[in-house]
Each structure stands twice: as C-alpha cells, then as structure tokens.
Amino acid sequence: MTGLPVVAVVGRPNVGKSTLVNRIVGKQVAIVEDRPGVTRDRKEVEGEWLGVPFLLVDTGGWVPGGSDLEAKVSRQVEKGVLGADAVLFLVDASVGVTEEDAAVAEWLRRAGKPVLLLANKADNDRREREAWEFLSLGLGEAYPVSALHGRRTGDMLDDLVALLPKDSDGDGAAEVPAVPGVAIVGRPNVGKSTLFNRLIGEERSVVHDLPGTTRDSVDTVVETPEGPIRYVDTAGMRRKSKIDDGPEYYSLVRALRSVDAADVALLIIDATEGVTSQDQRLAERVDAAGCPVVVLLNKWDLLPDAEAREAVTAQLAHRLHFIGDAPVLKVSAKTGKGVHKLLPVLADAIERYHRRVPTRDVNRVLIEAQQAQPAPGGARVLYGLQGAADPPTFTLFSNRDLPPQYLRYLERKLREAFGLGAVPIKLRVRRRSG
C-alpha cells in the first residue's frame, strides 16, 4: 500500500528477529523478550538506510510442524516472505545450525526471493569465525552480526538496500498521505483478530481460541469504497493486576498507544458474555482518549433468543452510558453477518472527527442558543471559534465564568447544529472583559 520495497525478517523462534527490527528502525517498535514465541503476527514498520526507505515485516518464529497455533504462525511467515522483495534470514551464531534452520532454508530456496543470511548473536570474534558453518544451509555466506549491540549491521544494510528494487523515476517512494486509523480493541478472546482478518480480506492476524494470541498491535491499510483505512488489531486488554509478564505489559502499552493515535476505536464486546466490568473499564479508557467509539456486539448470532438479546442491549445502555449515543452494531465476525454495516459507520465517524466549522457558523449557533436560554448571573459568550479538530475543539470567550450545566447546554447545541453525533467534542472557555 505504501509503494515501498518490502523486507521480510524471518527465522525460527528466539533468534533475535524483533531485536534486529528495533535496531534497524532505531527505536523499540517490536516486543522483545528472551523467550521463544513472543512475536506471532506479522508487523510492518518503515525503515531507512542511506536514504533508501523500505518496509520491514517482523514475523513470528517459523516452526515446521508443531502445534496448531505454531502452524498458523508459520503460515503468516510464509505469506510475509511471498509478498517481500528481499528476506533477512536470521540464525543463531551461539547455537549453530539446527534442523529448524535447515527446514526454513529449504523453503526459502524454493521461494526464489533474494536472501541475506544473518548469523545473529555473533558478539565476539570467535563467533564471527564460526559463522562459516552456516554455508551448509545453501544460501551463501552468513553475515556475522549482533542485533543487540549493532555489530556489523551497517555492512549488512549496505548490501540489503543494493538488493531492493529501485524507483523507476529515481525520486524514491512517493509521500504517503495520512490515512485514518481504526483501532480494534477489547478483552482477550472476544474476536478482534477474526474481525481484523475479515476487514482486510486475508488471514493477517493469527486467530486461535487461546486468550492473548495477539501480542502486539498489527496494522494494515485497506482500500475501501470510502477511501483508504488503516485497521489496527491490538492485543487483548486485561486488568493490570492480571498482567504478570514482560510481553503482556508491553502489549498493553502498545494497545493503549494505538488507541491514543486512532481516529476511531472499535470496541469489541462478546455478546454471549454480556458487558463485563472489564469491558466497562476499557470503554472508560477508550473514551478518555478522545476519539469516537463504535461498539460491536460480536457473536450476536450465538445468543439463544430475543430475551437474551434484550438483556445484553439493556446491559450495554446501563454500563456504557458514558459513551453517549455511540453507534452499536450487532455482528458475527466469524460468519461476516452484519459486518457490511461497519464501513459506512466508520466513514461517518471519521468525517465528523475531522470536521471543521466556519467561525461565522459557530457564532450564529452561540447567539441563537443564548437568545433561547441566557446564561445565569449575567454571564455570556462574546465570541467563539473552532480552534482544532481531532476531536472538534471550540474556544469560547466569555465575560464571566460559565456554569458547567450551561456549558453542557452549549455543547449540545453545537453538536446538534453541526451534526457531530456521538463524536467527542471539547469546549475551552477564556474570560474577557466586555
């Protein structure tokens, strides 16, 4: 979608793929933990070397055979390789050649992609000298590197950019316009990744009936009839008291950052379980981010009867009353039922979130509102304007302090006049004499 050349980073579990990705981009964008299996989905981030931009795809550990979950992770790796222009294949210099390395190398040879073989964790001269044994993989001489310390990664990147396809105009990749982001959030195992895969039209996130399968935020841009949208699949959010290891903590941090950066948050609730106290706390956190919220009652088709559906609807209105008139859709991510209604709702919420209102119209509404219901104690708004969008933010200049209930009245009038619906808006009041 970006027009950038794609580089897939692959290898068996715990060889340092995410550490290398972080090293190349110069910041911690991928979760790193000294244990196998932390990365499960494909994650795309932009990198650059010698003025050449490219898209790095961090993949999960490739495990030929293995459990059902490991097989799904391996299929994600294969898809990442097939869509790449070049591959960085990591092996562990401190361990030597393994059967898993040989199996991965065999598949890469058949895939026919340009491959740079990296003997990672070559932190000293002895390990560098022993990297020759990886010649047995049939992918040429291995680069002895240390992703953790940066040893020889510059030399490796010099050769990598030489492999990448050049822009035909010689001007580099075209600048990518800003694309609205939609963060898919919810408790673990409510169907976020299933919905994400349905929305993007491919099995991009690993879906498994084990809570916590998604460890990092995974995003992709999809062309839709309403324009491009960047969907972000986040890790399931649990109570902090339930988070007891490093990867889960960093997953939570990434998920919250995704919400803060989003234009819309899709809050997924498992209709078969109803609105839990954890859903309620998560909704409060999403609401505090200031972006519009769309609620999806997933697994709606599994509710047994009309009475159960009415109970969930009533529970939603009671426990999530603070998000106001946020749109509520009843869907099945697994079967796709009702999902077609989502795109128009998202497009409408995004448009309202970015809406700009002319100053003359703001003041017309304020004058009419004050004429219909003057503020108590002689207070009045002298002038108003929209100072910002994302969300719509209005600055009111008044002669005195305005009571909170009167500010709520003005907010309602502005919301109704400009069709802002359930999009959060902010009012800022500045006192002026006159």
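Analyst: This is a predicted model. Let us begin with helix α8.

User: What span should the twelve residues of helix α8 have, and how far apart are its end C-alpha atoms?
Analyst: Helix α8 covers residues 277–288. At 1.5 Å a residue, its twelve residues should span 16 Å. The computed distance agrees with that: the end C-alpha atoms are 17 Å apart.

User: Where do the buried residues of α8 fall, seen down its axis?
Analyst: Buried here means under 20% relative accessible area. In α8 that holds for Gln-278, Asp-279, Leu-282, Ala-283 and Val-286. Seen down the axis, the buried residues fall within an arc of 135°, so they line one face of the helix.

User: Which residue with a positive phi follows α8?
Analyst: The phi in question is near 90°. The residue that follows α8 with this value is Gly-290.

User: Which strands are at the edges of the open sheet?
Analyst: Six strands form the sheet, with mixed pairing. Their order is β2-β3-β1-β4-β5-β6. An edge strand pairs on one side only, and this applies to β2 (43–49) and β6 (143–144).

User: Which residue in β3 stands opposite Val-7?
Analyst: Strand β1 (residues 6–10) and strand β3 (residues 52–58) run parallel. Four bridges join them. Opposite Val-7 stands Leu-56.

User: At what angle does helix α3 run to β4?
Analyst: Helix α3 (residues 99–111) lies across β1, β4 (86–92) and β5 (115–120). Its angle to β4 is about 165°.

Note on methods. Residues numbered from 1 in each chain as written. Predicted model: local features only at pLDDT ≥ 70, side-chain atom pairs only at ≥ 80, totals over all residues. Heavy atoms only, no water. Helix = DSSP H or I, 4+ residues; strand = E, 2+ residues; numbered from the N terminus. Expected span 1.5 Å × (residues − 1). Buried < 20%, exposed > 50% of the residue type's maximum accessible area, 1.4 Å probe, protein only. Arc of directions from axis to C-beta. Pairing = 2+ DSSP bridges. Contact = heavy atoms within 4.5 Å. Axes fitted to C-alpha atoms, helices over the stretch in contact; angles between N-to-C directions.
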